[in-house]
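Reader: I have the sequence and the model open, and I'd like to walk through a few places in it. Could you help me read them?

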Amino acid sequence: MIEKTQYKSEKEWQEAWRQKFDSEPPKITLKARTRTPDLQMKDEMSKLQTAAARTCYSPRVVEASEITDNQMMNILAQTYNGGHHTVFQHDHFTFGLEGISRQFVWSVLHDHPFSNSEQSSQRSVRLDEPRYLAPKFKSEKASEIYRQAMLDAWQSYRDIAAALNPIAQEEYLKIFPGRRTDLEKRTESPGREKKARNVERSAEKKAIEVARYVVPISAMTQMLHTVSGLVLARLYRLSDMPGAEDESHMILGRMVNLVAEVEPLLAYRFDNPITADELLEHKTIAEFSKRRESLDYASQYARDFDQDMDGKPTKLVGWMENAEKIVASAVRAQVGALESQLSDADAIDLILNPAKNRQLADKLNLTHTAKLSRALGMVTYTWKTKMSHTGDSQAQRHRMTPGAKPLLELVIPAEPDYEMPALIKTAPENIKEMYHAAMERAWNARNRLIELGESVEHANYVLPNATSLRYYETADFLNFNHKMKMRTCLNAQEEIWRSSLIQIRDVQARHPLLGRYLGPPCYTRHLAKTPPVCPEGAHFCGIPMWRALDGEEKYSLDSFYDKRKI
């Protein structure tokens, strides 16, 4: 357990940061925390936790104000050391994090299900100036290679965004043909001019959404991030995990320092980080690195992973053959019905047909809380998936469909290995060449840094958002259903939309009763007769996809698989 904060002041922490990084320290602030009604109470969260523990053995709710210091110290030590940790989930902390890398977010903050974040989106926010995390390298030559890689990446981002802008605008106008008139007649009235600017902004967003694939994973971001005290203790305990080790150690240490300033006894209970040489992940990296003579081993693994994917980004590799029978049986058990009274088809239709279960169309996503829909959580599916770093960063938002993500120190090949958005694939050759050249430059910089003796972890910060990740992911049908609803909307990022559509078809091919109603929110709301059919308001994608349910094939999800570009 820590007996004092790691750094005595923010200034001391910033000095320690500058020993490890050339970039300026991130801004880390504690924005909010759980409070008791008695704002003057000392150690209020620790006393609330103690009261929670005592309530378990009391005929009434024990008040935090009743807790003595002696009770607090003895009871919390006993519950913490005994592994009875639910009492430590009653306190939550919200942090402002500014100037942290996207690799740290992907590798640490979002690589588990027990947190909540609102993060600045590269899909919507233009990255005007190079802002990136810069590790402190061993030589000036390595530092210069890294700096130049960052400048090159941002220049590629600007060039590709500018080149794609007119193409994205044409694709946008195919969806909203009536808005072409606003552009052509923009000078006729202030209203026309405003609409024309809206068209241009929408096209620009689509262009930068694609151009961001060349931005490095060291790019800085900002977010509000909320965790419980227990989750923060776990993250701190594992803050020397590989992936973004130095950054993680410093940032999580500072977050703990901020908690210690307001709840010293809470931070006192946090165990010190497990050292890198004791972590299984570091031992594994060291062992597997010794077995390989070059970076080329990762290329062979990538080829082996991809060879049975049939050119698709995701493939179903595990499922329960009798999934429909299990779900239907679970429903029958809930209502006390015989199979002769409630068939498999009728039981599944009862909970999945929005016309019968209108709760499915509720904006609050009630499936975890409603009783009958929990039967959908009884069956699972597993896919092997290949997706870009930035695409997976979107997928991580679905915290209840977890994946076993790769250790980047071991799986990045020596040659460029990246994903390409549809708008690039169909763009003129000069834009494709710009994209490929950006990838070549990034990998060349990474390989040169490693050749100079820099750590693979630090060299990986130059990798682009487009970097291919390969992993296995699993979802129970309840959470899969929600993810598919969100990610098959045409407003969803194109890469994850395409992968989600394949996963829907995988389920429908094996379990048609379960897969029948899978689709975007407008499907559910149309069948439930819940207005408005599209819940996105001004962000309506422009295509009435729900008409496919009424037999209009041109609006089907499949019809857009090959032609969707933005």
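Reader: Which helix does Asn430 lie in?

Author: Asn430 belongs to helix α18, residues 429–451, where helices are DSSP runs of H or I with at least four residues, strands are runs of E with at least two, and both are numbered from the N terminus. This is a predicted model, in which local features need pLDDT of at least 70, side-chain atom pairs count only at pLDDT 80 or more, and totals for chains, interfaces and linings use all residues. Residues are numbered from 1 along each chain as its sequence is written, and side-chain values use heavy atoms, with hydrogens and water left out.

Reader: Why does Asn430 count as partly exposed?

Author: Asn430 counts as partly exposed because its relative accessibility is 46%; buried means under 20% relative accessible area, exposed over 50%, and partly exposed in between, using a 1.4 Å probe and protein chains only.

Reader: And how far is its C-alpha from that of Ile160?

Author: The C-alpha atoms of Asn430 and Ile160 are separated by 9.9 Å, although the two residues are 270 residues apart along the chain.

Reader: Switching to Thr79, why is that one called buried?

Author: Thr79, which is found in helix α3 (residues 69–81), counts as buried because its relative accessibility is 12%.

Reader: Which residues is Thr79 in contact with?

Author: Leaving aside neighbours within four places in sequence, Thr79 is in contact with Ala53, His84, His85, Val87 and Phe88, contact meaning heavy atoms within 4.5 Å.

Reader: Now the largest nonpolar core: which residues touch the most other members?

Author: Among its 88 residues, those are Phe95, Tyr146, Leu164 and Leu232; a nonpolar core is a set of buried Ala, Val, Leu, Ile, Met, Phe, Trp, Tyr and Cys residues joined through side-chain atoms within 4.5 Å. Helix α5 (residues 140–175) supplies the largest share of this core, with 13 residues, and there is also a second, separate core of 26 residues, which includes Ala323, Leu352, Met484 and Ile504.

Reader: How many bridges join β7 to β8?

Author: Two bridges join strand β7 (residues 403–404) to β8, and these strands run antiparallel, with Gly403 opposite Glu473 in β8.

Note on methods
Pairing = 2+ DSSP bridges.
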